[in-house]
Amino acid sequence: MIECAQLTKRYGRRERRALDSVTFSVRSRGIFVLIGRNGSGKTTMVRILSTELEPTSGSASIDGVDVVTSPTDVRERIAIVPQEAKTVSWMTPMQTASSYLLWRGFSRAEAKARSLASLEKLGMGNSADSLNRTLSGGMKRKVLVATVLASEADVLFLDEPTTGLDPISRREFWSILRETAKERFVFLTTHYLEEAEALADDIGILDRGRLIRIGTLQSLRKSIDYDFSLRIPKDQAVSLPRLRNGELFDGSEDTHILTVEDEAYEISRALAKEGRRFTINPVSLEDIFFYLIVKEGEQTG
Ligand SMILES: Nc1ncnc2c1ncn2[C@@H]1O[C@H](COP(=O)(O)OP(=O)(O)O)[C@@H](O)[C@H]1O
Ligand SMILES: [Mg+2]
């Protein structure tokens, strides 16, 4: 379990809280994805859990080990790829991974063998001895992930590992992460909602330092009362239906309706009859996120 109780972080006396009394517990199995806009506190959370940063108040533990009072014990169980991590340009992937393992206490032989196995697993066997600076952005990112995978840590923190990757590399990453999560716990942050939807066993939503929801995609769906999302392009929306159950958001490109099944069908039928273009889908994580953030914004200003 990862457990946090009233976890709060304020970087300076005058700063607002980067984390504001965050309390939750989540099983440490599979993939946990923390989502939130830029500045919502994801990195702060990862830095505290990985013992790099102390909270201003509150507590946190990983599998029962307190991150503030027993940081050394925590560090043995975890490995992290920080958001800003870069490979050293004049080192090779092999040197990158094996030096990290030496630092973690493996023998030279073990470090080499584990590093090679990990690089091969990520399809980098052939570039193990190239200089990092000759690799593409996606490959460099893979080197960092191969490095933590080569360790014995059974909890891995990856802070926005796919930001800036092209769609193909991102999907490659997803399958690596799924494989990894069969044996270890992956704590991932992202602002790509389709990534969270594709990978997460559990999802936490951070907004302005507060954890506004946590649970499976299934349970997040249930928490918003609506089942379907309709999008009607602006040029198609003439006479919009009056909603009985749902909510309507007037976007710049389309009119977005979240509603219950019956009403979704009614509206679709009416639109189809008029020959209008529209899309209808089961509520996605993006719909849930959007809805919750707008609602929270209305409530707290
Ligand atoms: N070292 C720091 N000093 C001061 N403020 C910081 C520092 N790091 C982050 N912050 C602030 O804390 C908030 C949360 O940031 P962060 O945890 O990096 O969010 P995210 O990773 O979700 O983008 C932001 O308002 C950010 O500006
Ligand atoms: Mg961040």
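Guide: On a 1 Å grid over the protein atoms alone, a pocket is an open set of points with protein on both sides within 12 Å along at least five of seven lines, and its lining residues have an atom within 4 Å of a point. This is a predicted model, in which local features need pLDDT of at least 70, side-chain atom pairs count only at pLDDT 80 or more, and totals for chains, interfaces and linings use all residues. Residues are numbered from 1 along each chain as its sequence is written, chains are lettered from A and ligands numbered from 1 in the order written, and side-chain values use heavy atoms, with hydrogens and water left out.

Visitor: Which residues lie nearest the centre of the second largest pocket?
Guide: Gln-83, Glu-84, Ala-85, Arg-141 and Leu-144, out of 15 lining residues. The pocket holds about 230 Å³ of space, a volume being the space filled by probe spheres set on the points, which are joined across faces, edges and corners.

Visitor: What supplies the largest share of that lining?
Guide: α5 does, with four residues. Helices (H or I, at least four residues) and strands (E, at least two) are DSSP runs numbered from the N terminus. By type, the lining of the second largest pocket has five nonpolar, four polar and six charged residues. Ala, Val, Leu, Ile, Met, Phe, Trp, Tyr, Cys and Pro count as nonpolar, Asp, Glu, Lys and Arg as charged, and the others, Gly among them, as polar.

Visitor: And how much space lies in the largest pocket?
Guide: About 510 Å³. Its lining has 24 residues, with Ala-79, Ile-80, Tyr-100, Trp-103 and Arg-104 closest to the centre. At least two lining residues come from each of α2 (71-77), β6 (78-81), α3 (93-103) and α5 (137-150). Twelve of the lining residues are nonpolar, seven polar and five charged.

Visitor: How many cavities of 30 Å³ or more does a search find?
Guide: One, in the whole structure. In a cavity, a 1.4 Å probe fits but cannot get out. The largest cavity has a volume of about 40 Å³, and its lining includes Ile-80, Gln-83 and Glu-84. Helix α1 (residues 42-49) gives three lining residues, the largest share.

Visitor: New topic. What surrounds ligand 1?
Guide: Tyr-11, Arg-16, Ala-18, Arg-37, Asn-38, Gly-39, Ser-40, Gly-41, Lys-42, Thr-43 and Thr-44, each with a heavy atom within 4 Å. Two of the shell residues are nonpolar, six polar and three charged.

Visitor: Which residue has a polar side-chain atom 2.9 Å from an oxygen atom of ligand 1?
Guide: Lys-42. Polar backbone atoms also come in: that of Gly-39 is 2.7 Å from a ligand 1 oxygen, and that of Gly-41 is 3.0 Å from one. A polar contact is a pair of N or O atoms within 3.5 Å. On its own, ligand 1 has 560 Å² of accessible area (Shrake-Rupley method, 1.4 Å probe), and the protein covers 64% of that 560 Å².

Visitor: What about the backbone? Where is Gln-6?
Guide: Gln-6 is in strand β1 (residues 2-9), and its phi is near 45 degrees, positive although the residue is not glycine. Most residues other than glycine have a negative phi. Glu-160 also has a positive phi, near 50 degrees, and sits in the loop between β7 (155-159) and α6 (167-180).

How values were computed
Polar contact = N/O pair within 3.5 Å; in protein donor to acceptor, adjacent residues only side chain to side chain.
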